[in-house]
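Reader: Please take a close look at one part of this model. I would like the contact surface described step by step, with numbers where they exist.

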Amino acid sequence: MQRRTLFADKNVLTSSFVPENIPHREQEIQQMSAVLAPALRGYHTSNLFVYGTCGTGKTICSRFVLSQLEQAARQQGITIKTVYINCKMEKVSDTEYRLFAQILKQLGEDVPYTGLPTDVVYKRFFSKIDETEQTVVLVLDEIDTLYRKIGDDILYNITRISNELKKARLAVVGITNDTSFYDSLDVRVKSSLGSEEIMFHPYNAVQLKDILTMRAATGFAAGTVPEDVINKCAALAAQEHGDARRALDLLRVAGEVAERNGSPTIVEEHVDMAEDKIDLDRVTETVKSQPAQSQIVLQSVIKIQEDVAKKEKWTDRRILTGDVFSRYEELCRNNGLKVLTQRRVSDLIGELDMLGIINAKIVSKGRHGRTREITMPVNDVALAKMRGFLDGRFC
Ligand SMILES: Nc1ncnc2c1ncn2[C@@H]1O[C@H](COP(=O)(O)OP(=O)(O)O)[C@@H](O)[C@H]1O
Ligand SMILES: [Mg+2]
């Protein structure tokens, strides 16, 4: 017997789907449009800085405004080109070269991903924009990644280009989820990138409910999503930080869980199960995306913990950085990996702590200085998943 599906169009419930209506963001869309509108009259357009925590609608609103702008320009016979770059994507923000190559590609000019000197690519970028009288709107989403990987000179250079253009105009829209990023910028960059700025506030539960109700109406089959399920997803996501992506993920995964259990509708319990599943996937995805050196440090911690549990070699001892290091050296040798210094390993332990995969509390070793005491905060299911992955990777 074929199981009945609860979904009418699952795509509608994924975060890459761009809905036709974007409720509760009328004001922000209006503000963004107002900043870019002079381009439609052939005037200079200010750069714009957009910030707010993740899932507050910055990306969809900017894509929406870009498409409206392009449409209006077409109708009026004006040339406006829009380039949207997510700086977090691999191959984009590793180097200045790659960024310019990617922008040029979107403007219809192919540049090899390596091979040319950076200043040649930069000149091509400049002349491509200035080849005719036009406005180019360049949206750099997750622009903080660019800054972290390349430094703030690049931001300064990009935002200054418009002063040197002869025929064309360039407007840069920088978007970030990192609300403290802007404060950390050099004043020159700040004044040029942030001549206009818009903040996106977190959604509250009522707003999230509206967003979910709209998406559920086309995403799910009629009668499969009771109102209390929507309310629960909205409330959970509002509690976290008003993240619409989280709310949508909860609802979509709850639908998948309900479907797998052969249930004709989603019930609140499925939302709880969805929450666990999403958190678990997040931990394992994070582990998978770490560089090999971090993974092997984590593997060392897990191995020591196993020994502690079996009481082999260990009798009721704390796990300290030094212990991890000796195990790490052994694992590196077994797997043909370069052994990093203890100091570097200690940094990697700190990074894993920041990602929430391990807890590394700094403790004093008396006159021997300080070290970290390591514990694993994840639950058994997550630990088993991580172990499965790491054991398959390292011997
Ligand atoms: N007001 C809204 N109406 C409908 N969907 C929304 C709204 N705000 C956010 N979303 C959805 O939530 C998800 C996250 O939004 P996004 O724009 O990517 O957030 P941000 O870029 O701020 O992290 C996307 O799937 C988006 O479609
Ligand atoms: Mg975004």
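Author: In this predicted model, the centres of domain 2 and domain 3 lie 34 Å apart, taken over C-alpha atoms. The domain assignment places domain 2 at 203–287 and domain 3 at 290–393. It also gives a domain 1, at 26–199.

Start with the contacts. Domain 2 brings six residues to the interface, and these touch twelve residues of domain 3. Together the two domains bury about 720 Å². Carbon and sulfur atoms account for 78% of that area. On the domain 2 side, three residues stand out: Leu-280, Thr-286 and Val-287. They supply 71% of the area that domain 2 buries against domain 3, more than any other three residues.

Asp-281 forms a salt bridge with Lys-385. Their closest N and O atoms are 3.9 Å apart. The cut-off is 4 Å, so the pair counts. By residue class, the side of domain 2 that touches domain 3 holds three nonpolar residues, two polar ones and one charged one.

Note on methods
Residues numbered from 1 in each chain as written. Chains lettered and ligands numbered in written order. Predicted model: local features only at pLDDT ≥ 70, side-chain atom pairs only at ≥ 80, totals over all residues. Heavy atoms only, no water. Domains from an automatic or database assignment. Contact = heavy atoms within 4.5 Å. Buried area = accessible area lost by both parts, 1.4 Å probe. Salt bridge = Lys/Arg side-chain N within 4 Å of Asp/Glu carboxyl O. Nonpolar A, V, L, I, M, F, W, Y, C, P; charged D, E, K, R; others polar.
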